[in-house]
Amino acid sequence: MSTETPAAVTVFRMTGARAVLDDTPTALQIQHQIEAIEEAVDRRPAMAFDMAKTLIESACKTVLNDRGETFDNGWDCPKLFKETLKKLQLVPDEHDTASDATEALRKVGNGLSTAIQGLCELRNHEGAASHGKDAFASSLGTTQAELAARAADAVVGFLWSAHRDGQGNGVRKRLRYNEN
């Protein structure tokens, strides 16, 4: 009988995306997507690629709906993100160097758009639920799944924080059943 202590199992947990749930615990679609990603990273890495893209799309649509903005369901994920980003105030009005900061944040947004495009391509080529695969196809592993999950977590956390911080700027408050 071995007396070795098993290595500690690390469980991936999203933090940025969970901010949505902290603010709106009834956001069930996002909750299910977060839980699916967290489980998938270690157990079904290929599913994490599918769910990362889905979570970003859900966050974008939620932000746009909360702001009373329309969007086209035919938009791909990068366009949906870019259009969502345009509706957010990234720098507070009172910031001294608002134009410089806005330009720098625009560049960060472009980088996130590139990351989202990469997530879409990973989903198309490596996702377990998209486009079908040969039953014996090899899959990427936990390391790559965690990268995709962390990227989605950062994007969703950023979008939600910018949305929440700018809620005084004409954002409509949705009526939620449990609040009434």
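This is a predicted model: local features need pLDDT of at least 70, side-chain atom pairs count only at pLDDT 80 or more; totals for chains, interfaces and linings use all residues.
Local features are reported at pLDDT of at least 70 and side-chain atom pairs at pLDDT 80 or more, whereas totals for chains, interfaces and linings use all residues. Residues are numbered from 1 along each chain as its sequence is written, and side-chain values use heavy atoms, with hydrogens and water left out.

Of the 180 residues in the protein chain, 39% are buried, that is, under 20% relative accessible area with a 1.4 Å probe and protein chains only, as against exposed at over 50% and partly exposed in between. Among contacts (heavy atoms within 4.5 Å) between residues at least 6 apart in sequence, 67% join residues at least 24 apart.

When residues up to four places away in sequence are not counted, Ile 37 touches Phe 12, Met 14, Met 51, Ala 52, Leu 55 and Ala 149.

H2 packs on H3 at an angle of about 160°, with the axes 8 Å apart; axes are lines fitted to C-alpha atoms, for helices over the stretch in contact, and angles run from 0 to 180 degrees between N-to-C directions. This angle makes H2 roughly antiparallel to H3, a term for angles over 145 degrees. The contact includes Ile 34, Ile 37 and Val 41 of H2 and Met 51, Ala 52 and Leu 55 of H3, and by class it has 13 nonpolar, four polar and one charged residues, with Ala, Val, Leu, Ile, Met, Phe, Trp, Tyr, Cys and Pro counted as nonpolar, Asp, Glu, Lys and Arg as charged, and the others, Gly among them, as polar.

The axes of H2 and H6 come within 8 Å and cross at roughly 160°, and these two helices are therefore roughly antiparallel to each other. Here Ile 37, Val 41 and Asp 42 of H2 meet Thr 142, Ala 145, Glu 146 and Ala 149 of H6, a contact that divides into four nonpolar, one polar and two charged residues.

Terms used. Helices (H or I, at least four residues) and strands (E, at least two) are DSSP runs, numbered from the N terminus. Angles under 35 degrees count as roughly parallel, over 145 as roughly antiparallel, 65 to 115 as roughly perpendicular and the rest as oblique.
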